Amino acid sequence: MELKEKIRPPVWMKIALGVTLILAGFCIRVFLDQVYEDMHQEQKKGEQGKVELYENGDRVGRTLDYAENVQEDNKILQKFKEAFPKATVLIACEEDLTNDGCKDLIVIYNTPEADEHSTHTQAVGNGYVRLTVAIDSGNGEDYSFTDPIPAPVENQKIQFQNVDKKDEMEFVLQGQKANKVGYGIFRIIDGAPVNLFGEGMEEC
């Protein structure tokens, strides 16, 4: 019993050890905060693009380079209108998606015609919002149209990006439905747009 009393450290040593640990923790926290602040400053210096307020006014972000709509007299758009006479075009953006040197056209449109997706997608106005791609046959005159797929019902935007830096060009489709926002990264594979990666698209 006396041996145990001799081995037990005095109270002042416990207090000193506790104070030392608290001071060490505080110093480490200050150091990590400074490292984070330095990293944040470096990131801000390297960012490109203009920081702006989004439409709903509750968040900020970089301005993205979204694809522009083609002119009304665009020859591929005219071919689309011939093939889909009941469609109301929402956006139409042109790019060489198949890496063959010929422009293709992504069209997002509203159509009254029901399809296999109509039972599980929301009707907007008098129809359904769909996406199809007019793919150039290689001669700049003839185009094939991919099977329509559901597209976001509101605020649709397209951005072209060569994600893997080779071969076909991918496109990023972004949109929303009410307060639900989603996006998908698509590539034309075997003549059809395939969603390689995305988030929230099924809710839009």
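1. Phe171 is buried, because its relative accessibility is 0%. Buried here means under 20% relative accessible area, exposed means over 50%, and partly exposed lies in between (1.4 Å probe, protein chains only). This is a predicted model: local features need pLDDT of at least 70, side-chain atom pairs count only at pLDDT 80 or more, and totals for chains, interfaces and linings use all residues. Residues are numbered from 1 along each chain as its sequence is written, and side-chain values use heavy atoms, with hydrogens and water left out.

2. The structure holds seven aromatic pairs. Rings of Phe, Tyr and Trp (its six-membered ring) pair if their centres lie within 6.5 Å; planes under 30 degrees apart are stacked, over 60 edge-to-face, the rest tilted. Phe171 and Phe186 are stacked, because their ring centres are 5.3 Å apart and their planes stand at 10 degrees. The pair links distant parts of the chain, 15 residues apart: Phe171 is in strand S9 (residues 170-177) and Phe186 in strand S10 (residues 180-189). Phe186 is buried too, because its relative accessibility is 4%.

3. Other rings also deserve a look. Phe80, Phe84, Tyr109 and Phe145 are linked into a cluster by ring pairs. The charged end of Lys157 sits over the ring of Tyr66, 5.6 Å from the ring centre. That call requires NZ of Lys or CZ of Arg within 6 Å of the ring centre and within 35 degrees of the ring normal.

4. Now the cores. A nonpolar core is a set of buried Ala, Val, Leu, Ile, Met, Phe, Trp, Tyr and Cys residues joined through side-chain atoms within 4.5 Å. The largest one has 20 residues, and Leu131, Ile158 and Phe171 touch the most other members. Elements giving two or more residues to this core include strand S5 (128-136) and strand S8 (154-161). S5 supplies the largest share, four residues. A second, separate core has twelve residues, among them Ile76, Leu77, Val107 and Tyr109.

5. Which residues does Leu131 touch, leaving out those up to four places away in sequence? They include Ile106, Tyr109, Pro148, Phe171 and Pro193. Contact means heavy atoms within 4.5 Å.

6. Overall layout: the chain has three helices and eleven strands. Helices (H or I, at least four residues) and strands (E, at least two) are DSSP runs, numbered from the N terminus. Buried residues make up 30% of the 204 in the chain. Among contacts between residues at least 6 apart in sequence, 38% join residues at least 24 apart.
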